[in-house]
Each structure stands twice: as C-alpha cells, then as structure tokens.
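Hi,

Here is the two-chain file for you to look over.

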Amino acid sequence: MTAVTPPVTRSHGREAARALAAELSKLVSLPATWLTLGGTLAANPILAIAFTNAARHGPTGPRSAPDVGLTSIAYVQAGFVVLGVLAACSEYEGGQIRTTLTAMPRRSLQFAAKHLAVAIVALPAAAITAASGVVLAAGALGGTAAPTTAGHVVRTLSGAAAYLALWTLIGVAVGALVRQTLPAVVAVLGYLFIAGPLLRAQASAARYLPDSAGSAMWSSVDGGAVAPARGALLVSAWTIGLIAVALLGYRRRDN
Amino acid sequence: MRALAAEVAKLVSLPSVWIATAAGVLVPSGIAAINASAARGAITRGARATAGADLGYQELAFGVVGVIILGVVAISSEYVTESAESGGGRQITTSLTAVPSRLRFLLAKASAVAIAGASLAIVAGAATMSAVRVVLGEHAPPLGTDDVPRLAGVVCYWVCAALLAFAITVLTRHGVVPLAVLIANTSVVSVTYLLTKITPLANYLPDLAGAHMFVRTFAGGTVEISPLTGGLVMTAWTTALLTVAAVAFTRRDA
C-alpha cells in the first residue's frame, strides 16, 4: 500500500496573487506601455504651458493654478485611453491570449488581474501627469494666480488622477470587447473628443455620461455639471458597468 | 494604372475603411440634424431670425474624422504583423514585391486615398446638407451659387486631411499614434486652436487654415485668411508632408 498524496492545490489567494504578478509582468515588459506613458508625460507639460499662456492673455480674470494646470487633462487622457486599449488588445495580436488562458484558465480572475495591473501602472502615471501640470502652471502664473486652498488643490489633483485611471480602465474594457487596437482606439477617442462634447452642448442629460461626469472630478470650469463626488461615483459606475459587459463577453466568447 | 486598381481594391476590402465611411457620413449628418433641430426651435420661439450661414459646414469640419481614419488605416494596414500561426508576415513586403518601385507604390496608394476621400466628402456633404434641409424645412438657408465654392472647399479639405493623415502614418508605420493625435485634434476646442492663443502663426496650421475654405465665422479668430489662401496653405502642408513621407519611404527598409 502506497500512501496517496493529496493533489497539490493552490489557494485562491495565492492564485490571485500569481495572476496579478503575471499580468503586471506582461504589462511592464510591453514597449508600447512605456512609449505611450512617455509620450503622454512629455506632451502634458507642453500643453500645460500652452494653456497657462492662453490663460494669462485670456479675457477671463485671474484663475488658480490647479484650474489652469489641469486643463490639459482633457487632451492627455487620450494617452491613457490608448494605454488601456493596448494592454487589452496586445493579447489578441499573435495569439498570446491562448497562452494566457492556458496558464490562467479562470477567465474572471485573469480579467480582474489584468484590470488591477493596468490600474497599478496607470494611477502613479496619472498622479505625476496631473501634478506636473499644476506645478508648471503655478510656476508660470506666479503671483498672478488666483488664490486657492490646499484642500482645493488636493481635491482636484486626486480627482484628476482618479479620472485618468478610470478612463484607462474603460480603455481596457473596450479593448477587451473590440479586441482590435485601431477600432477600439477610434471608438473611445471618437466618443471622448467628438461625440461627448457635442452631446454635452445639446442635451442636459449628457452630464451623467462618463466624460462630462468625470470632468466634474477635476475641472471647476464647466457650468451645470454634477458635484465632484457624484461625478466620481458616476464614472466609477460607468467603468464597472463596462468592465462587467466586457467580462460577460470574455467568458462567453471563443478566443 | 494597375497599381492604382490594386490599391483601390485593397482599400475597399478593408473593414476599417467601411467604419471610416460610416463615421464620415453619420457624424456630420447626425450632428447637423441635431444642431438644425435646435436652430429650428430657436427660430420658432423667435429667439433667432435665421439659421446660421455655417450650419452644415461647421459639422462637416468634424466629419473629417472619417477620412482621417481612412488615410491612417490605408497605410497602417500594410504594416500590421500577422500572427505567428499565419507566418508573421506583413502585407508591405507582398505589396513591394508586386510593385517594386517605391515611388509608384506610394503614388498609387496616395491616389487611392485621395479618390476615396473625395468620394466620401461628396457623399457626406450631400447627406449633411440634406439633413439640414429636411430638419429645417422652410427655414433652411437657400443653397445658392456661393455654396458651390464652399462645398468644393469641403471636398478639398477632406482630401487634404486624408493625405495628411496618410503621410504622417507612412512616417510612423503604426496607426495608433497618428489616430490618437489627429482625433484628439478634431475636438471642438482643438489643440491647434489653443496654439493660436499663443502665436497668431498657429492660424496657418493646416486644419485651421483649411477650414477657412468653407467656414465663414470663427469664434475669436485673430487672423483674416481668405478661402483661397486657406486652401493654398493646407495644400502646401499636404504637399510638404507627402514629400517628406516619400523621401523617408524610398530611403529606408520597408
């Protein structure tokens, strides 16, 4: 009689930790990740300086440094969305998804790990982006800036960072749904830059859409927007909803 | 001629090109219909006497996103690497085997993009103007002889925008970056428009100068550019970028 050894099983916690480590390793070893983040971080100061200049010569009175320095967020969010789409769609270029799912057969777990890994990379980058714009604006405006409180600075900065991270996750979800980089990029950016602003101009209900609700998290320029906290809640709800739809598709579709 | 036929066949068989077509027709006509119904409401309330002279044209300036996608995917699709299971090849190597002259290949491709861009502009222009007229009814501004050069300007703007997107993507060899930058710049407040706040020279960037061909009133416009000058400036930008793209394309490995 030989003793039967019980099969070695991984605990759920260990499995999740290893899935997250695998997704992080894939993400940081993708050159596109660093190229996208580098390009975005380089473009932001240029835009921030342009906006600061425009604000100094603009007809509106003095504005505070966070208001001016965060205006560029509306444009550099394109870089974060592209990062999210690339993270999701790189799986489908060349069939890496089959290796991924062989190693991590639990699709929901893998999907959650992917989103968490992207959030871990995107959030610090978003914080740096937001802070660099505000620091530049504060430096350039100097004494001409409208006074502001530390609480306002912290609130708008954290709002901007969270907003960018959430839109990165929306990029991941749309990328996972569409599975092809270019169409996914066109869909999200077409919404963010063309459909969204035009809807906002026409219908008051558009302020509950993820772009308008989200901009309330960091921008104090938009009139008639929702309160910042409600904006954050709304964008989070949109993001979770989109991730849920993408997950449903991911679990039910062939790869 | 056969190279051109081949390029047209490639364009027509790309699914992304049909997405671009849908975007190019639906975006301006849809927005124009929404804006026209808002203008109709304002007219019936008596808040405004007539619909603006730019109704329809302003929207066609956004519809240019369709030809931007067209110009980008026309060349980025050549550089997409197939999956390892299907050999890991790229279409550009096949294309250059069939048409070994780089310049002839690029010329055929650019001509196909220009033809497709012009056709799309004509369809989108007709759809947008009909949408405005259907929604506004008797309040619609009449289409007269001075609309002919403006509509021609729209076609010229779309062709130039398609070729600019094409030339930039020839240089980058990947579609995501030009697509992201150019779509971000099609937004209501474009980056180039912000640059005009810093230097008036930014008015001579291709998208702003070209829009003078058909848009009459610019919010906060600082420089007066005639439609003809605007068209010439945009054409000069397009020619310059196409030349740079051609030089790079003929000199480097595929």
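Below is what I found, starting with the ground rules.

This is a predicted model: local features need pLDDT of at least 70 and side-chain atom pairs count only at pLDDT 80 or more, while totals for chains, interfaces and linings use all residues. Residues are numbered from 1 along each chain as its sequence is written, with chains lettered from A and ligands numbered from 1 in the order in which they are written.

**Annotated spans**

UniProt, in an unreviewed entry, puts "transmembrane region" at residues 116–140, 160–178, 185–209 and 229–250 of chain A. For chain B, the unreviewed UniProt entry lists residues 60–80, 112–136, 148–168, 175–195 and 228–249 under that feature. UniProt positions follow the numbering used here, feature names are shortened, and annotations may be inferred rather than shown by experiment.

How do some of these look in the model? Helices here are DSSP runs (H or I, at least four residues) and strands are runs of E (at least two), numbered from the N terminus. In chain A, residues 160–178 are 100% helix and 0% strand, with end C-alpha atoms 27 Å apart; residues 229–250 are also 100% helix and 0% strand, with the ends 31 Å apart. In chain B, residues 60–80 come out at 90% helix and 0% strand, and the end C-alpha atoms lie 30 Å apart. Residues 112–136 of chain B are 100% helix and 0% strand, spanning 36 Å between end C-alpha atoms.

**Where the chains meet**

On chain A, 22 residues are in contact (C-beta atoms, placed from the backbone, within 7 Å) with 28 residues of chain B. The elements of chain A that give two or more residues to that side are α2 (31–57), α4 (73–89) and α8 (181–202), and α8(A) gives the most, with 12 residues.

α8(A) packs against helix α2 (residues 15–45) of chain B at an angle of about 5°, with the axes 12 Å apart. Axes are lines fitted to C-alpha atoms, for helices over the stretch in contact, and angles run from 0 to 180 degrees between N-to-C directions. α8(A) and α2(B) are therefore roughly parallel (under 35 degrees). Among the residues making this contact are A:Gly190, A:Ile194 and A:Leu198 of α8(A), along with B:Ala23, B:Val27 and B:Ile31 of α2(B).

A residue is buried if 20 or more other C-beta atoms lie within 10 Å of its own, with C-beta atoms placed from the backbone.

Leaving out residues up to four places away in sequence, A:Leu189 touches A:Ala78, A:Val81, B:Ala180, B:Ile183 and B:Ala184. Helix α8 (residues 176–184) of chain B has nine of its nine residues buried, so it is largely enclosed by the rest of the structure. Its cover includes α4 and α8 of chain A, together with α4 (65–79), α7 and α9 (191–195) of chain B.

**One residue in chain A**

A:Leu166 sits in helix α7 (residues 150–178) of chain A and counts as buried, with 25 C-beta neighbours inside 10 Å. A:Leu166 and A:Trp238 are 72 residues apart in sequence but 9.3 Å apart in space, C-alpha to C-alpha.

Cheers

Technical notes. Contact = placed C-beta atoms within 7 Å. Buried ≥ 20, exposed ≤ 12 C-beta atoms within 10 Å, placed from the backbone. Parallel < 35°, antiparallel > 145°, perpendicular 65-115°, else oblique.
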